[in-house]
Amino acid sequence: MHQLLRRIRARTSRAAVVPLAAALAWGGLLAPAPAAEAAAPVADDPAALVNPFVGTQNFGNTFPGASAPFGMVQVSPDTGGQGGYDYQQDRIHGFSQTHLSGVGCSVAGELPLMPTTGPVDTVDPSRYRSAYSHDDEKAEPGYYRVGLKTYGIDAELTATPRTGWQRYTFPATGEANVLFNTGKANQRVYDSEVHVVGDRTVEGRVEAGNFCAGKDRHTVHFTATFDRPFAAHGTWRGDTRTPGGRDAKGEGGNGAWVTFDAADDRDVVVKVGLSYTGIEGARKNLAAETGDSYDFDATRAGLRATWQRQLRSVEVGGGTVERQRAFYTALYHAQLHPNVAGDVDGRYAGFDGKVHTADGFTPYQNLSLWDTYRPQNQLLELLQPQVARDVALSVVAAGRDGGWLPRWALANSETNIMTGDPVTPFLVEAWSKGLLAGHEEEAYRLLRENATSTPPADSPYNGRSGVEQYKERGYLPSGLEIGKDCADKGGDNDCKHPASATLEYAAADASLALMARELGHAADARTFAARGQWYRNLWDSGIGQFRPRTAEGTWLTPYDPVEAAHQFHEGGAHQYQWLVPQDPAGLVALMGGRSATEKRLDSFFAYDKLLTDPERTAREDWISAPYDYYGKPTYNPNNEPDLHAPYMYLWAGAPAKTATVVRAAMTLFTNGPDGMTGNDDLGTMSAWYVFSSLGLYPTMSGGDFLAVSSPQFSSAVVRIGKYGEEQGGTLTIKAPGASDTTRYIQRSAFDGRDLRRTWLDWDAVAHGGTLAHELGEAPSSWGTGRSAEPPSVNRATADSRSRLDASLRAGSDVVPQGDTPQTAHLTLDVMGQAPGALRVTVRARTPEGWGCGCRPRSRSTPAGCPCSARSRPR
């Protein structure tokens, strides 16, 4: 454990003694529910509880098809929509090999295969697509099946880590076709090629990119082999079909088809191997993972068994079957990404466009770091630490190969999507669990460079595009010009959302300070720890909110904290007011103390309404629409910036209210296709649900502690993944009688000892133990004492630099001409930033014939001093 955190925890532990008996007056019960279902037992087969259709409607953007855990291949139906499959659409145009779960822009979907019957008289997907019905459709972990009504074809999908399998059962026909559309994907295709090889194989490549308007590009290679020879074949370029053709390539539409005689033998099996290194890699992957087998059922059974093992990492008991379905579906979604990037021989496509060979790790890709650093990364560390280690080393390799660390990487290309600095907390969190052993200094060097400078001009990375202004001022100012003041390499840019970028930089710096200190970089540690307090530089005590500051140093005016002039990325000041995970105690002090913060949280969550109708409140008071980030001053469970906000009650001394808010948020997770709150963001929202269901939550990357609240289920057994001597064991969580009404912790114990604080040290949990709760229907005094709150890992001093700025809101005023004296008003904003008080004197000079008076609007805050002048006629 880090020495800094030892000292923090030692101080907290010595003081963590609070009475347990008294019941508190605040709080209350959720609205009475209908007669409860009987508590569900521990599932014998958790895979049977997973519903892959959850999130395929209302912009959850998940996919229902087949994938191995963290597999390179996600073979799934394509109907259209950002995730490739939209439950409300009724036509399928193909079954493509790649998908991402819960992404907010159209992505992947390379190489859709489509079975048809009859002559191939069109290569237009809008014409050859097929109708289908949800009544004739099935999905489970590792398997998907659907009836294609237009052709009378039954299509089935399964997979191995690097191969996708499809089995078609055709009606009796002499013209059973399979179309390979290399020119179509769920994002832009720049170039493609396809080759018909012999009488069983189709090979090629697809170059795609432009994710969310980024400038990314990547190439995926494929080889597809059939279980029997095809009778005919052809290719197309654009709209031009060439029967008997074997090759097509270039920009625009490309594709090939093969035709089978299915008059007697109606089944056709095709298996597709992928690689990002080249066609030889695809061939090796296919051979290594499938050999000569075309046994679809055996492959399906093997993948089902893999998912059963994966999902048994957590066994929950109690609650309703519906809640268990939501839980295991979330656990499933949380283990789909990131994805294997390397071939079976360890070769992978680097961020420099070259092929490298991994040494001592399995390469992974599709790194949605702005999302997954909170808390999907931590869930993988808990359950699959070897995968988490390989992912972390893949990020380091991306920095090594590409010259800079990524923010949101798709395949082997940086998209520059999202803002802030998510790679720092992501890697610091991995380091804190020992997962960067042997690579600490290399990772730190890359992180330090990222935190203190910008990428070279010819680099495709934006990096911290506003870091120079941030270092100079202690915040990123509003009004910077993209492409002039800040480099523009495509995607999103910190300088467009300077207020949120400032908060994210500060949180990242605070986490990097922990790593710097432990590695012996004392001066860096002091610098980054001090920068971890720079969130204070945007706190406007006059309105009690974070507020953007202009390039002149004064507050952005006029200012509405809800819209916040879109200076916060995908949220307003209300959602971002809690984004100080490094120093919640300091934030509570800024907000006026624990009582004032509790009231602020109550307003943010519409707490009084939650007590009477949690489900309606969550859907109406919290959420405007899936992508309306600037619509309300309340909690937005659709997005990441305030995911940890329910746990802020622990620092406000009101932990019982966390239980109420979390239970309300859980009503948004159901067993229907719309049963997910917003984009799942590669498992991030699902990971939130899993952690919160266990009554544990990681609020600070690198903090090495878990916040404690009441679990959703009466029992849970968590098999902590083994990783050397660092971790491994069984964590048993007991909460007899847990329900939506019986949700308040009365007492807790860990391994038989009273747990009076609202957090657990990671070292205490890493090898397992027993966490036992006694729950009740009314709040208690458990965890309410100040000494019970979780650590604030960054308590450095505030920005010690002094700065004084002033700006006129308008440089002129128009007054009517006349013979009588006229008055003009000019407003001067004066902003002082200093560790102590600043004495400010404002002097105004006027032209001859004018007089001037200056009146401060606030004695404590000199900003906003109007100047009045009375004219004399000449």
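Select Arg374 and Glu504 to start: the two form a salt bridge, with 4.0 Å between the closest N and O atoms. A salt bridge here is a side-chain nitrogen of Lys or Arg within 4 Å of a carboxyl oxygen of Asp or Glu. The pair links distant parts of the chain, 130 residues apart: Arg374 sits in the loop between α6 (369–372) and α7 (376–383), and Glu504 in helix α12 (residues 498–518). Helices (H or I, at least four residues) and strands (E, at least two) are DSSP runs, numbered from the N terminus. Arg374 counts as buried at 9% relative accessibility, and Glu504 counts as buried at 4%. The terms are set as follows: buried is under 20% relative accessible area, exposed is over 50%, and partly exposed is in between (1.4 Å probe, protein chains only).

The model is predicted; local features need pLDDT of at least 70, side-chain atom pairs count only at pLDDT 80 or more, and totals for chains, interfaces and linings use all residues. Residues are numbered from 1 along each chain as its sequence is written, and side-chain values use heavy atoms, with hydrogens and water left out.

**Stay at Arg374 and look at the backbone**

The peptide bond between Arg374 and Pro375 is cis, with omega about -10°. Pro375 is placed in the loop between α6 and α7. Next, select His337 and Pro338, which are also joined by a cis peptide bond, here with omega about -5°. Pro338 lies in the loop between α5 (321–333) and β21 (339–340). For background, most peptide bonds are trans, and most residues other than glycine have a negative phi.

**Positive phi**

Go to Cys212, a residue other than glycine whose phi is positive, near 50°. Its place is the loop between β13 (201–209) and β14 (217–226). Cys212 is partly exposed, with a relative accessible area of 23%. Then select Asp681, where phi is likewise positive and near 50°. Asp681 is in the loop between α19 (655–666) and α20 (684–694). Is Asp681 buried or exposed? At 7% relative accessibility, Asp681 counts as buried.

**More salt bridges**

Select Glu156 and Arg167. These residues form a salt bridge in which the closest N and O atoms are 2.8 Å apart. The pair links distant parts of the chain, from Glu156 in strand β9 (residues 153–159) to Arg167 in strand β10 (residues 163–169), 11 residues apart. Glu156 counts as buried at 8% relative accessibility; Arg167 is buried too, with a relative accessible area of 15%.

Move on to Arg547 and Asp540, whose side chains meet in a salt bridge of 2.8 Å, N to O. Arg547 is buried, at a relative accessible area of 12%. Asp540 counts as buried as well, at 7% relative accessibility.

Now select Asp45, Lys138, Glu140, Arg300 and Arg304 together: a network of salt bridges links them. How many salt bridges does the rule give? The count comes to 47.

**A loop contact at Asp751**

Select Asp751, in the loop between β34 (744–750) and β35 (753–754). Asp751 is partly exposed, with a relative accessible area of 47%. Leaving aside residues up to four places away in sequence, Asp751 touches Gly768, Gly769 and Thr770, where a contact means heavy atoms within 4.5 Å. For Thr770, 19 residues from Asp751 along the chain, the C-alpha atoms of the two are 5.0 Å apart.

**Zoom out to the chain**

Clear the selection and show the whole chain, which has 21 helices and 41 strands. Along its principal axes the C-alpha trace spans about 100 × 75 × 55 Å. The chain has a radius of gyration of 29 Å, which agrees with the value near 29 Å for a compact globule of 874 residues. That radius is taken over C-alpha atoms, and the globule rule is 2.2 Å times the number of residues to the power 0.38.

Colour by accessibility: buried residues make up 64% of the 874 residues. Among contacts with a separation of 6 or more, 70% come from residues 24 or more positions apart. The chain exposes about 30,900 Å², and carbon and sulfur atoms supply 48% of that area; accessible areas come from the Shrake-Rupley method with a 1.4 Å probe, and for residues only the protein chains shown count as cover.

Last, colour by charge. The chain has 86 positive and 100 negative side chains, and the centres of the two sets lie 8 Å apart. Lys and Arg count as positive and Asp and Glu as negative, while His and the chain ends are not counted. Each charge is placed at NZ of Lys, CZ of Arg, CG of Asp or CD of Glu.
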